[in-house]
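Biologist: I am new to this structure. Please pick one part, look at it closely, and then lead me on from there.

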Amino acid sequence: MAATGGILRGDELLSELRTRRLLAIVRDSDPERALATVRALDQAGVRLIEVSLTGTDAPAVLEKARRVLGDGRLGAGTVCSVEDVRRAVGAGAEFVVTPGLSRALDECYRLGVPVLAGAQTPTEVIAARAAGVTAVKVFPASGPAQLRALRGPFPDVPFIPVGGVDVAAMREYLAAGALAVGVGGPLTDGGAEGLEARAAEFLAAAEAA
C-alpha cells in the first residue's frame, strides 16, 4: 500500500510493531483525559498509540494528539465503517484498527491506509489476508493456546492479540509468536495517573521478548 501524506506504509507499520511489540489502546469518555493519557504514554516512551473511535469526541482527540506526539505513531481504533475510516484519516490517524471484517477494509485499501483487522477464526484470517490487511488483530484474544493454534496453519501471518492483556499475558503471547500485543485497560485505566510506572512494566516485557 502506498503512503498518502502522513499515513504509514504497511511495511513501515509492521517494522514498528516488530520493534516496539506494544500497541497502547486509549478509550475514554472524557476527551481531555484521553488526550492526557496519550501525552503521558508518549512521555513514558510508548511509541504506538491507538485512540478508539468509541471515545467521546475521538476525532478531536486524534487531531490534538497528532500535534502533541513526539516521534510516536498514532492510529484510530474500533473502526467499523467506510465513514469511520474517512473520519480517522481526516483527523490524522496514520493507521487504523478494526474489531472485525467490514467494508472499512476496502476503504483502507483504497486510501492506502495500513490496517490491523480483527479476526478470530481461520476463515476470518483467510478473509482478512485476502483483503490486504497489514496484520491480523486476534480479538477477543483468549490465550496463548489460541494464538499457537492459529499460527499452525498461518505461520507467516503477523498476529496481534488484543483483549484483557496484562504484563504476564503479554510475555506469554510474545513467547507464543505474537508480532506485538494491543493493551488497553491494564495499561491505560486510571488515565495519566500512575501510567509511567505501568508503562515501564509493559515496555520492559516488550524489550525482554
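Modeller: A disulfide would need the sulfur atoms within 2.5 Å. The structure holds zero disulfides. The surroundings of the two cysteines can be set side by side. Cys108 has a relative accessible area of 0%, so Cys108 is buried. Cys80 has 41% relative accessibility and therefore counts as partly exposed. The line for buried is drawn at under 20%.

How far can the model be trusted? The average pLDDT of the protein is 95. A score of at least 70 is reached by 98% of the residues. Residues 1–5 fall below 50, and this stretch has eleven contacts in the model beyond near neighbours in sequence. Where pLDDT is low, predicted coordinates should not be read in detail.

Next, the backbone. Most residues other than glycine have a negative phi, and most peptide bonds are trans. Arg21 has a positive phi of about 70°, although Arg21 is not a glycine. Find Arg21 in the loop between α1 (10–20) and β1 (22–26). At 15% relative accessibility, Arg21 counts as buried. Asp57 also has a positive phi, of about 55°, and is not a glycine either. The loop between β2 and α3 holds Asp57. With 49% relative accessibility, Asp57 counts as partly exposed. Then look at the peptide bond from Phe139 to Pro140: that bond is cis, with omega near -10°. Pro140 is found in the loop between β6 (135–138) and α7 (144–151).

Now the empty space inside. A probe the size of a water molecule, rolled over the atoms, shows where such space is left. The count comes to one cavity of 30 Å³ or more. The largest cavity has a volume of about 40 Å³. Two elements give two or more residues to the lining: β2 (48–52) and α3 (58–68). Val51 and Ser52 are among the lining residues, as are Ala58 and Val61. The lining also includes Val26, Arg27 and Asp28. Ala34, Gly55 and Thr56 are part of the lining too. By type, the lining divides into five nonpolar, three polar and two charged residues.

Finish at Phe154. Phe154 has its place in the loop between α7 and β7 (159–161). The relative accessible area of Phe154 is 14%, so Phe154 is buried. Leaving aside neighbours within four places in sequence, Phe154 is in contact with Pro122, Val125, Ile126 and Phe159. For a sense of distance, compare Asp30. Phe154 and Asp30 are 124 residues apart along the chain, and their C-alpha atoms are separated by 39 Å.

Back to where we began. Cys108 is buried, Cys80 is partly exposed, and the structure holds zero disulfides.

Conventions. Residues are numbered from 1 along each chain as its sequence is written. This is a predicted model: local features need pLDDT of at least 70, side-chain atom pairs count only at pLDDT 80 or more; totals for chains, interfaces and linings use all residues. Side-chain values use heavy atoms; hydrogens and water are left out. Buried means under 20% relative accessible area, exposed over 50%, partly exposed in between (1.4 Å probe, protein chains only). pLDDT is the predictor's confidence in each residue, from 0 to 100. Contact means heavy atoms within 4.5 Å. On a 1 Å grid over the protein atoms alone, a cavity is a set of points where a 1.4 Å probe fits but cannot get out, and a pocket is an open set with protein on both sides within 12 Å along at least five of seven lines; lining residues have an atom within 4 Å of a point. Grid points are joined across faces, edges and corners, and a volume is the space filled by probe spheres set on the points. Helices (H or I, at least four residues) and strands (E, at least two) are DSSP runs, numbered from the N terminus. Ala, Val, Leu, Ile, Met, Phe, Trp, Tyr, Cys and Pro count as nonpolar, Asp, Glu, Lys and Arg as charged, and the others, Gly among them, as polar.
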